[in-house]
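The stops below are meant to be followed in order.

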Amino acid sequence: MARYLIVDSRDLTEYTGGRFIQKTAEQLQASGNQVTLFLIENGVIAARQGSQMSANLTALSQQGATVLADDISCSARGVLRLADGVTQASVDRLADLIVEGSDKVLWY
Amino acid sequence: MATATVETAVAARVKKVAVVLATGSYQREAPTTVLRLVEKLLQRGVDVNVWAFEEAVTLTNRDQIDHNEPGSLQKLLGEKHPNVGRFIDQMLRAGLHGAKLDWVSCILCVQERGVEKHQMGGAIVGTLGDLWKFVKAADRVIAIPTYR
């Protein structure tokens, strides 16, 4: 089992790669790995409560993955309420995850 | 057994991070995000090596000028619109007394953009060989993708 940190800086709906990165997170988690999806920059748009994409993030968290959304990115975009299963976090948390909480880092 | 667990945890702690960045000033949010993260990594005693190429070599152009913000917005935004290079400069200097930040700008990219002679003090003009050494030495490599 490995600890994967996936940082998503792009709007998940903007490119088809957004679907791929979600699939990657799901498959890694389903394969017994520990996945943290950290949404930052436009990545947090998907975490807005009620958005179509937010259901996927909720499902990912129900699978056991940790889904986090950068606080500054959220406030800059007016994302005030997050989808179920998504927690707001600071870049301090991201640094901690890189330093001590992950084995592999993927940045999308 | 408990000792072994502690040793494993200590061994797993990241001490050196390499960041590969190709996004320039005023293009996307990536340089700001990288700087936010680099600051936090340095605070944790992690050495950071940034390999800047393509448009990212303009980030360390020392001749960038802060423009005035519009008068009506200065209360909100401040008097000047600061450039990213200013923050890089601050972090390079902060490394003198703690964890170290090395910032290397690709030689081909600076020459193509005419900024080779304009790189700020502390930024090093280097080659792909430096990138290779950064990657080889790093506990974690973070490649920031560009938008195409």
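The tour goes from a sheet to a core and then to an interface.

This is a predicted model, in which local features need pLDDT of at least 70 and side-chain atom pairs count only at pLDDT 80 or more, while totals for chains, interfaces and linings use all residues. Residues are numbered from 1 along each chain as its sequence is written, and chains are lettered from A and ligands numbered from 1 in the order in which they are written.

**Sheet of chain A**

Select the 5 strands of the open parallel sheet, in the order β4-β3-β2-β1-β5 (chain A). Strands are DSSP runs of E, at least two residues, and helices are runs of H or I, at least four, numbered from the N terminus. Two strands pair if DSSP finds at least two bridges between them. At the edges, pairing on one side only, are β4 (86–89) and β5 (104–107) of chain A.

**Core**

Next, select Ala47(A), Val19(B), Leu21(B), Leu41(B) and Ala52(B), which touch the most other members of the 72-residue largest nonpolar core. Such a core is a set of buried Ala, Val, Leu, Ile, Met, Phe, Trp, Tyr and Cys residues joined through C-beta atoms within 7 Å; buried means that 20 or more other C-beta atoms lie within 10 Å of a residue's own, with C-beta atoms placed from the backbone.

**Interface**

Finally, show the 18 residues of chain B in contact with 13 residues of chain A, contact being C-beta atoms, placed from the backbone, within 7 Å. The largest share of the chain B side, 6 residues, comes from α2(B).

Terms used: Contact = placed C-beta atoms within 7 Å. Buried ≥ 20, exposed ≤ 12 C-beta atoms within 10 Å, placed from the backbone.
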